Amino acid sequence: MTKVPLLLTGATGYIGGTVLTRFLQRPDASSFDIRLLVRSDKKAKAIQDLKLPVTVFIGSHTNAELMEQLASQADVVIATADCDSLEAAQSTLKGLKKRHEITGKKPILIHTSGTGVYADLVDGKHADSEVFDDTNPKQIESLPPTAIHRSVDLAVVAGDAEGYVHSYIILPSTVWGTPTGPLFDAKISNAHSIQIPYVARAALARGQGGMLTEGKNVWPIVEIHELADLYSLVYDAIQNKHPMAGHGREGFYNAGYEEYSMKQLATSVSEALVQVKRGTNPEPSSFTPEELEKYFGRYGSFFGSNSRCLSVRSKAIGWSPTKGLREMLASVQYEIEALIAKGL
């Protein structure tokens, strides 16, 4: 049987490493010819030493010539390396266009974006922002081209519209949880998310959980393994021609489950600091402007934003997350302890 050539970028990352694990666990895993693009010679060698059924290429996803070449040899590309690299997306699309010219078939691009594209900067004052439905392309098209992640999303959708690729965009929200799999066991892939550790680092430095103003702003959450499930389900839906497996302008798949407020997160962080004797007040406080600049730089206002969405399309193809707010807030203790173990 001819195997499906599948290129995965970002395998040494938090999301990419978990997606790789999920595809290696699929009952039809042997039907794939999985290829990984890894920047580090050391990590590439470490992956090879694991004797996994994958081929490792060394280089960066921003190396236009290499990315175009590898994409031109793949029927499926799963991009998890950098949702804001327009250069990488353009090179990938060029390669997939060549693939279409060679085979006469439209290759598949599963691209990772993020619900940050829906962010509404409200300075932590309320939760009343527009809720974006992934089955409503007109609503998604109302987003400004200047929104975070949006320029890459638009390029991906444009490639689909040109007719040489079928694109599917997965939008993770606040991702949390401890990933598992061979690359994590070998300490090759990054085992921590971005947003929660960011908040935890600031809290450790100031001795208390923090938020913008009142911390009333909200974001959805997704547990890391349940996010990886969505990538696998999208692939299945494509193969099975599921009626809700839209692509292009109708190919957005939100990965958001329950919502949390920044105050809820900051409170859990404060409580965790008290538990490890790095804080004395279990209640959070508002960041000063100086602290926002110090800890978050130009992204300070982002931590006071709302990102609201409905995962209607994702759930229609069978995605059924179960790990929600209670479990996410309980995981904060682990993140704090992990940062302390690193010397923070």
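**Figure 1. I170 is the bridge partner of T112 in strand β8.** Strands β5 and β8 (residues 166-172) run parallel and are joined by five bridges. The model is predicted: local features require pLDDT of at least 70 and side-chain atom pairs pLDDT 80 or more, whereas totals for chains, interfaces and linings use all residues. Residues are numbered from 1 along each chain as its sequence is written, and side-chain values use heavy atoms, with hydrogens and water left out. Helices (H or I, at least four residues) and strands (E, at least two) are DSSP runs, numbered from the N terminus.

**Figure 2. A seven-stranded open sheet has parallel pairing.** The strand order is β3-β2-β1-β4-β5-β8-β12, where two strands pair if DSSP finds at least two bridges between them. The edges are formed by β3 (54-58) and β12 (252-255); each has a single partner strand, so one side of each lacks a neighbour in the sheet. On average, neighbouring strands of this sheet are turned by 20° against each other, direction ignored. Helix α2 (residues 41-49) packs on the sheet, touching β2 (32-38) and β3, and its direction makes about 170° with that of β3. Helix α9 (residues 224-239) also packs on the sheet and touches β1 (4-9), β2, β4 (76-79), β5, β8 and β12; its direction makes about 160° with that of β8. Axes are lines fitted to C-alpha atoms, for helices over the stretch in contact, and angles run from 0 to 180 degrees between N-to-C directions. Contact means heavy atoms within 4.5 Å.

**Figure 3. An open sheet of three strands shows mixed pairing in the order β9-β11-β13.** At its edges stand β9 (174-176) and β13 (259-261), each with a single partner strand, so one side of each is left without a neighbour in the sheet. From one strand to the next, the twist averages 45°. Strand β9 pairs with β11 (residues 218-223) in the parallel sense over three bridges; T174 has I221 as its bridge partner in β11, and W176 has E223. The pairing of β11 with β13 is antiparallel, again over three bridges, and E259 in β13 is the bridge partner of P220. Helix α8 (residues 195-206) lies across β9, β11 and β13 and runs at about 85° to β9.

**Figure 4. Strand β11 is covered on both faces.** Six of the six residues of β11 are buried, so the strand is largely enclosed by the rest of the structure.

**Figure 5. Y118 and F132 form one of the ten aromatic pairs in the structure.** Their ring centres are 4.6 Å apart and their planes lie at 5°, so this pair is stacked. The pair links distant parts of the chain, 14 residues apart: Y118 lies in the loop between β5 (108-112) and β6 (120-121), and F132 lies in strand β7 (residues 132-133). Y118 is buried at 4% relative accessibility, and F132 is buried at 5%. Rings of Phe, Tyr and Trp (its six-membered ring) pair if their centres lie within 6.5 Å; planes under 30 degrees apart count as stacked, over 60 as edge-to-face and the rest as tilted.

**Figure 6. Y198, F287, F296 and F303 are linked into a cluster by ring pairs.** F287 is buried at 10% relative accessibility, and F296 is buried with a relative accessible area of 3%.

**Figure 7. S189 occupies the loop between α7 (182-185) and α8.** With a relative accessible area of 7%, S189 is buried. Apart from neighbours within four places in sequence, S189 is in contact with A11, T12, G13, G17, L183 and F184.

**Figure 8. The protein as a whole contains 14 helices and 16 strands.** Its radius of gyration is 20 Å, close to the 20 Å that the globule rule gives for 344 residues, so the protein is as compact as a globular protein of that length. The radius is taken over C-alpha atoms, and the rule is 2.2 Å times the number of residues to the power 0.38. Along its principal axes, the C-alpha trace spans about 65 × 45 × 35 Å. Of the 344 residues, 56% count as buried.

Note on methods
Buried < 20%, exposed > 50% of the residue type's maximum accessible area, 1.4 Å probe, protein only.
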